[in-house]
Amino acid sequence: MDVVHFSIGSILSIALQALLLSSSYGSLEPYDLLYNNAVEAFYRKDYKDVVRHMEGALRSYAEVRQTKVRCRLRCQNQHPFDSASMDLQFFDVVLRRSYCQNECIEEKVGTQSMHKISEDVIQDFHRRIPYNYLQLAYQKLKQLDKAAAAAHTYFQANPESVEMDQNLEQYKALEGTDLDHFVDREARPHQRSFSAGVKLYDNANYEEAISLFEEALQEYYRADVECRALCQGPQRFEEQDHILYRYSLYQLISDHFTQVLHCEHECVRDLSTRPGRLSPMENYLPLHYDYLQFAYYQLNMVEEALACAQSYLLFHEGDEFMTENVEYYREAIGHDLKPREKAEWYLRRHEQELELLMIGSDNMHVELTEGVTSYWNSLGCLIPSGTDGWMEYVPISEKKNFTLAPPQELREGGPLVYDSVQLIQNSQALNGTQRVLLDDVMSVEECAELKNLAHTITMAGDGYRGKMSPHTPNERFEGATVLKALQYGYEGRVPLKSARLFYDVSERARRIIESYFLLNSTLHFSYTHLVCRTAITGQQDHRNDLSHPIHADNCLLDPEANECWKEAPAYTYRDYSALLYLNGDFEGGEFIFTEMDAKTVTAQVKPKCGRMVGFSSGGENPHGVRAVTRGQRCAVALWFTLDPLFRELVNCHDDPIYHNIFHSDTYRG
């Protein structure tokens with residue numbers, strides 16, 4: 001082993017160079033700026049500028065991503081941790097690798113601070129929102145081939161979009177477009193090759209199928225390396241946000257690397273999940289070897305078939321059908337063969353990482369066992385019935401969400417608590433379970449005061465500052481939380497009486513829901529939001545999208561599978577939901593319940609002041625909001641939990657904020 005020569009002075013010198021590194025190398029324009037310019041051009045109806053800026057944003061987004069991957073891999077290879085057995089050696093490697101990455105990245109794209117992008121913009125790119133703008137712009141510019149490609153690309157990640165589905169049908173019927181134009185510009189190479197290989201395999205074209213499956217394997221392992229490299233960046237550890245969290249240097253390092261390891265394991269899920277789908281393709285990587293072993297056998301290439309069959313057994317040790325194939329292949333060629341080295345390396349790496357996770361995670365008190373299924377169980381996987389557990393799993397960090405209070409008997413019809421409240425429809429009338437529609441939960445004066453509060457807080461700088469809705473480009477979105485309202489009230493920026501009303505109305509709704517559904521344990525606030533949606537003038541003609549797409553509140557709705565997956569990033573701890581409306585003087589904006597297919601409407605509610613719809617938060621109650629086509633729609637959105645661990649602290653009467661505001665000289669009545 002080579003000896004690492006260094007001194008404290010050299011380490012500090014490297015750190016100083018990293019801080020003072022010149023940022024003048026690269027000149028890549030930040031993609032959030034280009035994206036914003038494109039959106040502004042769209043509203044100016046300058047469609048050439050929309051295309052220019054949005055295509056630039058997509059190129060910039062891809063270049064930043066690839067630069068991070070290349071630089072992190074290069075610096076990781078140049079500065080490995082292999083010989084870092086002492087504290088100072090470890091930090092020497094960390095500093096050298098950091099300096100290397102900073103220099104490499106800034107040489108390619110410029111100052112990294114210019115490319116710090118908000119989470120909202122990142123999510124827009126993940127959801128392929130830029131392609132929605134592009135298809136409209138290309139349509140206006142009569143470039144139908146490019147419009148079709150953009151529409152198809154967007155639809156792959158947003159299959160629930162009724163508007164885009166209809167646009168695609170229209171493009172297909174237009175002259176000047178053909179099926180070759182409907183390409184996914186963001187298709188992932190490993191998934192594209194695998195899907196094409198399956199089609200050839202199904203048509204018994206085994207030779208060409210083998211070529212594509214082998215290509216898909218290479219692309220998969222390459223994508224895995226890239227995914228893991230992207231995990232090497234900054235990590236957000238939620239516990240560190242807590243005011244009482246105190247961390248030492250080693251605790252901070254441990255937290256960071258534990259998060260990185262969890263991120264790297266999530267690559268298994270990421271690489272096997274198609275765009276716009278909520279759950280991964282089951283058994284995705286092992287299936288490559290399954291298809292290959294049979295295809296090679298059909299071409300009488302038995303040695304290749306045996307190696308692939310052995311590789312499959314690495315993932316599913318003892319599989320009866322594949323074990324019989326292995327024995328047959330051995331007998332046919334007269335000797336044995338090992339699994340492919342790449343597959344062995346892949347699983348060996350995961351097992352090594354598991355040992356580190358067992359040390360670094362308090363949630364893991366298990367021993368490493370043999371077999372892949374046992375391995376995934378050790379990693380904190382929840383193995384659904386009917387699967388081998390290789391694809392569908394939930395990380396340890398989310399597993400706690402599945403250990404909530406015991407299931408309660410579904411009941412309804414309890415007291416409404418307040419004399420003024422009227423029962424309008426129960427579950428039967430709303431064609432579902434655990435649903436209720438109530439009127440007169442608030443007075444007209446209270447509705448007006450809360451609506452004014454939403455506008456005031458937005459003007460003061462909270463909410464979304466009148467930005468486009470996160471769900472549709474045809475509406476503006478404004479909102480405020482209880483916490484922000486109370487803080488602004490305490491600071492005198494909004495009337496404290498109005499902030500208190502927001503709090504009191506929320507508590508009124510909570511008590512009604514808890515009582516009506518006859519819950520046998522306390523219902524806690526999970527999150528409360530005062531939100532207004534405003535139709536954007538000039539963008540409502542021929543509109544057929546939704547103000548809020550169909551979804552469920554505590555699980556990921558998967559209409560194709562007719563399932564709702566209770567897994568991250570869904571808020572799995574939410575148990576009941578309610579919408580308390582402040583007005584009805586607008587067009588559209590009806591609340592709707594649907595079947596699990598997200599299409600069949602089972603009930604519809606027209607908002608008005610004081611009306612409240614309440615329901616259980618699971619997959620039994622998919623819901624959404626029709627487009628607001630004129631005016632502004634305001635409501636208090638409330639989510640509740642039966643688990644006190646996930647309660648919204650600002651709505652607890654023992655919370656310091658509550659006492660500071662409502663038990664001080666600042667507030668009287």
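Below is a working chat about a predicted model of one chain.

Colleague: What does the secondary structure of the chain come to?
Modeller: This predicted model has 21 helices and 15 strands.

Colleague: And how much of the chain is buried?
Modeller: Buried residues account for 50% of the 669 residues.

Colleague: What share of the contacts joins residues at least 24 apart?
Modeller: It is 72%, counted among contacts between residues at least 6 apart in sequence.

Colleague: On to sheets. In which order do the seven strands of the open sheet run?
Modeller: The order is E1-E2-E12-E8-E15-E4-E3, with antiparallel pairing. At the edges are strand E1 (422–425) and strand E3 (475–481), each of which pairs on one side only.

Colleague: How many bridges join E8 to E12?
Modeller: Five bridges link strand E8 (residues 576–581) with strand E12 (residues 612–616), and the two run antiparallel. Gly-614 in E12 has Ala-578 opposite.

Colleague: Which helix lies across E3?
Modeller: Helix H19 (residues 482–491) does; H19 lies across both E3 and strand E4 (524–535), at about 65° to E3.

Colleague: Switching to side chains. How many aromatic pairs does the structure hold?
Modeller: There are 34 aromatic pairs. One of them joins Phe-42 and Tyr-43, whose ring centres are 5.5 Å apart; their planes are at 80°, so the pair is edge-to-face.

Colleague: Is Phe-42 buried or exposed?
Modeller: Phe-42 counts as buried because its relative accessibility is 14%, and the cut-off for buried is under 20%.

Colleague: Where does that leave Tyr-43?
Modeller: Tyr-43 has 33% relative accessibility, so Tyr-43 counts as partly exposed.

Colleague: Why is the pair of Tyr-201 and Tyr-206 called edge-to-face?
Modeller: Because the ring planes of Tyr-201 and Tyr-206 are at 80°, with the centres 5.6 Å apart; the edge-to-face class takes planes over 60 degrees apart.

Colleague: Are those two tyrosines, Tyr-201 and Tyr-206, buried or exposed?
Modeller: Tyr-201 and Tyr-206 are both buried.

Colleague: Last topic, charges over rings. What lies over the face of Trp-345?
Modeller: Lys-342 does, at 4.8 Å from the ring centre.

Colleague: And which ring does the charged end of Arg-435 sit over?
Modeller: The ring of Phe-593, with the charged end of Arg-435 4.0 Å from the ring's centre.

How values were computed. Residues numbered from 1 in each chain as written. Predicted model: local features only at pLDDT ≥ 70, side-chain atom pairs only at ≥ 80, totals over all residues. Heavy atoms only, no water. Phe/Tyr/Trp six-rings, centres within 6.5 Å; stacked < 30°, edge-to-face > 60°. Buried < 20%, exposed > 50% of the residue type's maximum accessible area, 1.4 Å probe, protein only. Lys NZ or Arg CZ within 6 Å of the ring centre and 35° of its normal. Helix = DSSP H or I, 4+ residues; strand = E, 2+ residues; numbered from the N terminus. Contact = heavy atoms within 4.5 Å. Pairing = 2+ DSSP bridges. Axes fitted to C-alpha atoms, helices over the stretch in contact; angles between N-to-C directions.
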